[in-house]
Amino acid sequence: MIRFLLRRIVTMAVTLLIISALVFFIIKLPPGDFLTNQIAELRAQGESASIAKAEFLIRQYGLDKPAWQQYLVWLGVMPGPNGLSGLLQGDWGWSFEYDKPVVDVVGDAVWLTLLVNLAVVIFIHLIAIPIAIYSATRQYSIGDYIATFIGYIGLATPSFLLALILLYYMNRWFGISIGGLYDPQYAGEPWSWPKIQSLLSHLVVPTVVIGLGGTAAMIRRMRANLLDELGKQYYVTAKAKGLGPTKALLKYPFRMSLNPFIADIGNLLPQLVSGSVLVSLVLSLPTVGPILLSSLKSQDQFLAGFILMFVAVLTVVGMLVSDLLLAWLDPRIRIGGAR
Amino acid sequence: MEAPILSVRQLTVDFSTDAGDFRAVDGLNFDIPKGKTVALVGESGSGKSVTAQAILQILSKKARITNGSLLFNDPSNGGSIDIAALAAESEAMHSLRGGRIAMIFQEPMTSLSPLHTIGDQISEALMIHADVDQATANQRTVDVLSRVGFPDPKRALRTYPFELSGGLRQRAMIAMALITRPALLIADEPTTALDVTTQAQILDLIKELQAETGMSVLLITHDLGVVANVADEVVVMYRGRIMEAGSREEIFRNAQHPYLQALMRAVPRFAMAENERLTPIREVKSASLAAVDAPQRVQPAGPILKVERLTKSFTLRSGWFSGKTREIRAVSEVDLSLGAGKTLGLVGESGCGKTTVSKMIMRAITPNSGKVLFDDGTGRRDVHKLEGEALTTYRRSVQFIFQDPFSSLNPRMTVYELLTEPLRIHDIGTSDERYERVKHLLELVGLDQRALRRYPHSFSGGQRQRLGIARALALEPRVLLCDEPVSALDVSVQAQVLNLLKDLQSALGLSYLFVSHNLAVVDYIADTIAVMCRGYIVEEAPKSTLFRNPVHPYTQALLAAVPDPDIDRPLDFTKLRTGGFSQPSAWPEPFRIEPGEFGVMKEIEPGHKVRMGRLTAREAA
């Protein structure tokens with residue numbers, strides 16, 4: 001077990017290293033960077049004072065150095081202008097666009113993103129699992145057809161469109177302003193009970209909008225998995241023992257059909273951060289998605305690099321978590337392996 | 001006379017499917033007397049499993065009991081219930097199911113949940129029906145596990161099904177069925193998926209437990225050998241109706257119904273006369289077989305295929321979290337020799353290495369050491385050293401027939417595509433020539449040429465196996481490797497395919513390596529038989545010699561364990577109770593082989609070789 005974990009952690013570190021290199025060089029691929037673009041713009045306007053500041057920043061952050069040196073400094077293995085200070089030391093760099101440290105730009109957004117998406121994940125499972133069980137146990141019944149139909153609509157509806165529609169009608173019918181995650185007066189305020197209440201009421205619409213597609217997909221997959229398992233012999237055995245239908249279903253086939261979803265946790269975690277960019281833009285949610293988009297557009301390299309690395313770490317950790325969970329839940333993986 | 005445990009009267013079960021309604025069981029009448037075993041016999045699709053499911057009300061959603069009664073007389077309280085009148089999910093039905101009537105299934109592999117321990121699944125059955133706490137239930141589980149022969153019942157509580165062998169899994173199933181002390185046990189093909197020695201032990205166990213508890217057994221099987229050995233009464237079903245019913249004596253001594261007589265003639269038996277032919281229930285005529293001349297080919301001077309000291313080990317990783325590996329020797333110094341136009345039968349139980357040997361002959365796996373020598377008349381060559389053109393030629397000469405006719409044909413290819421694929425791969429003929437060749441192949445195996453445009457799913461198991469044979473014949477091979485070609489088929493169809501293989505051999509001059517676990521089948525088709533156990537060939541002899549004078553203890557056990565559909569030749573259960581026949585280190589001297597040793601083959605009479613252990617090896621040296 002310990003050996004397995006150690007081996008996995010070493011592979012994870014190597015993977016992350018490779019990802020960091022890829023991320024950095026892809027961000028650097030287009031010619032120029034945020035500051036050179038800005039300088040060009042300022043030159044056109046003839047603002048020499050700002051140009052001097054930008055050029056100072058270029059030197060300050062070593063943007064005049066070759067790309068590989070910048071990468072190593074960013075990573076924190078080569079001393080830069082501020083000595084050894086990079087990702088490894090916990091210094092995430094400076095956002096030129098916001099003119100703030102990356103930590104301050106991303107800080108709150110990361111937590112809000114996790115909150116929104118966690119709500120989405122819970123929503124998806126709470127809605128999808130009961131419907132899928134209903135659908136699978138009553139295959140080809142009216143209820144199954146209705147669930148399937150709604151599921152297809154959910155799959156086919158673009159979430160940003162749904163967001164716009166809800167945005168309009170929720171405001172018109174209930175008077176709820178659902179842009180953002182809390183009412184504007186709480187922006188910048190410390191956390192208080194009314195602010196949390198406002199947050200919760202704002203959370204409803206994004207959760208439904210972002211979760212709808214996932215719910216529909218999960219119903220389809222769960223139903224298919226469960227139908228496969230319902231045909232298996234051990235379920236007949238359970239019924240032949242005299243087990244009631246509900247208990248037999250939940251203890252045996254349902255538990256088996258969960259496996260693919262546990263294996264999916266690795267994909268779920270990064271989705272939490274980057275999955276809902278469009279909807280976040282439309283609903284103007286203060287989450288990481290829109291920040292990532294704008295930072296990529298403006299080549300704000302440290303900000304974009306950090307967000308992408310954060311997603312990568314979540315992916316790698318998610319994979320490990322799902323592997324460990326699978327081994328814990330499925331004895332065939334824990335003990336088997338040889339076959 | 002005492003009332004029977006279960007009286008089935010006019011039982012009718014209908015299926016409603018997309019293709020229309022279909023009557024699976026049609027007016028069935030029979031009784032299961034107290035303490036007796038009733039065997040329900042028939043081919044697949046005869047409605048025997050549906051009958052069992054109807055008794056427990058676990059029919060699939062498409063099926064419904066439309067008529068008749070299932071009167072269950074419970075000896076414990078004297079009450080009498082009509083099961084057919086109960087709702088499937090009613091309280092009364094739940095308490096009967098698993099409590100008073102228990103069932104065991106064919107596939108011990110899939111009938112147990114892989115995610116729950118044996119202990120959990122067995123004690124659950126008790127806790128549903130009796131008001132006991134988990135500790136008591138566990139204690140009872142340990143008791144019943146030790147009763148059904150688990151070596152370490154305490155540990156077994158915490159093991160998972162996939163950690164057990166097939167035999168132990170079936171024992172666990174039996175324990176699960178018996179822990180509630182039911183009045184009636186329904187056993188649906190309980191031993192079909194097991195090796196013969198294990199089958200004999202399980203049948204013995206069921207008989208013993210029956211004598212102990214006085215329960216009745218409804219045994220569902222297609223194997224007349226099993227019926228002859230354990231049944232008191234026999235009910236023969238065909239297409240949902242009873243063809244014949246009576247005591248075992250009546251049925252076997254004096255079968256009346258033509259269907260039953262035909263069924264009996266279709267099963268290979270040991271006491272068959274030389275050159276006696278099986279009579280399939282539905283004969284399939286091969287239109288062109290008689291007219292075919294064996295292709296004129298140079299015949300090799302010696303055997304066409306020779307295997308010398310073939311050895312193969314596999315490395316196993318013992319678990320997910322530990323990096324430890326284990327070395328398993330699957331095949332140990334195997335020598336075989338197959339004469340041109342002859343059949344060599346390779347017999348052994350599952351996991352003995354027989355399939356590994358055939359794959360090494362195919363050059364699908366590389367051996368650790370040893371040689372496979374092939375001689376097509378132009379001289380002997382080591383198959384594993386062939387390259388380029390010579391290898392392609394070899395691949396053409398040796399073809400494979402698989403066990404499972406369902407998964408060995410690509411469902412997305414038509415029969416025409418399936419049969420021409422080998423020709424296309426080897427770039428033989430123009431498309432017109434290929435078409436002619438394929439038509440001829442279909443005629444050879446007795447299929448109509450209208451089959452060409454159809455897909456495999458529209459054929460029955462036997463027809464598919466004949467397609468598999470036609471595909472193997474497409475390249476005009478010299479040698480066919482048949483890996484359990486009839487194990488997945490019904491008895492009635494088995495005879496068809498075996499006869500076809502025999503006819504093809506004499507018409508085309510083919511040589512067969514016939515791998516099977518079924519001794520009677522091998523006896524029917526092979527000239528020489530090699531018995532394999534734990535990767536060793538333990539005995540090899542012409543078939544008449546082997547059956548007349550089996551010398552090795554494993555061969556003897558194997559022969560003793562095959563149930564013969566002849567009530568004058570009953571199984572000797574006491575002989576099989578000891579177990580350990582498949583442990584080379586547990587064989588008596590001079591056959592004992594220590595782990596890591598090979599022993600030697602010793603010829604005891606012309607053509608009859610037996611593997612001896614170290615003692616004799618030293619004598620020989």
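Me: How many helices and strands does chain A have?
Reply: Heads-up: this is a predicted model, where local features need pLDDT of at least 70, side-chain atom pairs count only at pLDDT 80 or more, and totals for chains, interfaces and linings use all residues. Residues are numbered from 1 along each chain as its sequence is written, with chains lettered from A and ligands numbered from 1 in the order in which they are written. Helices (H or I, at least four residues) and strands (E, at least two) are DSSP runs numbered from the N terminus. On that count, chain A has 16 helices and two strands.

Me: What percentage of the residues of chain A count as buried?
Reply: Buried means that 20 or more other C-beta atoms, placed from the backbone, lie within 10 Å of the residue's own. Of the 339 residues of chain A, the share passing that test is 32%.

Me: What distance separates the centres of domain 1 and domain 2 of chain A?
Reply: The bounds, from an automatic or database domain assignment, are 12–91 for domain 1 and 102–338 for domain 2 of chain A. Taken over C-alpha atoms, their centres are separated by 35 Å.

Me: Which element gives the largest share of the side of domain 1 of chain A that touches domain 2 of chain A?
Reply: Contact here means C-beta atoms, placed from the backbone, within 7 Å. Domain 1 of chain A puts in 15 residues and domain 2 of chain A 13. On the domain 1 side, helix 1 and helix 2 (34–45) of chain A each give two or more residues. The largest share, nine residues, comes from helix 1 of chain A.

Me: How many residues does the contact between the chains take from chain B?
Reply: Chain A supplies 28 residues, with helix 1 (2–28), helix 9 (233–240), helix 10 (245–257) and helix 16 (331–336) of chain A giving two or more each. From chain B, the contact takes 31 residues.

Me: Is strand 19 of chain B enclosed or exposed?
Reply: On one side, Thr528(B), Ala530(B) and Met532(B) are buried, and on the other Ile529(B), Val531(B) and Cys533(B) are too. Six of the six residues (528–533) are buried, so strand 19 of chain B is largely enclosed.

Me: Which residue in strand 20 of chain B does Val531(B) stand opposite?
Reply: Strands pair if DSSP finds at least two bridges between them. Strand 19 of chain B has four parallel bridges to strand 13 (residues 343–347) of chain B, and six antiparallel ones to strand 20 (residues 536–542) of chain B. In strand 20 of chain B, the residue opposite Val531(B) is Glu539(B).

Technical notes
Contact = placed C-beta atoms within 7 Å. Buried ≥ 20, exposed ≤ 12 C-beta atoms within 10 Å, placed from the backbone.
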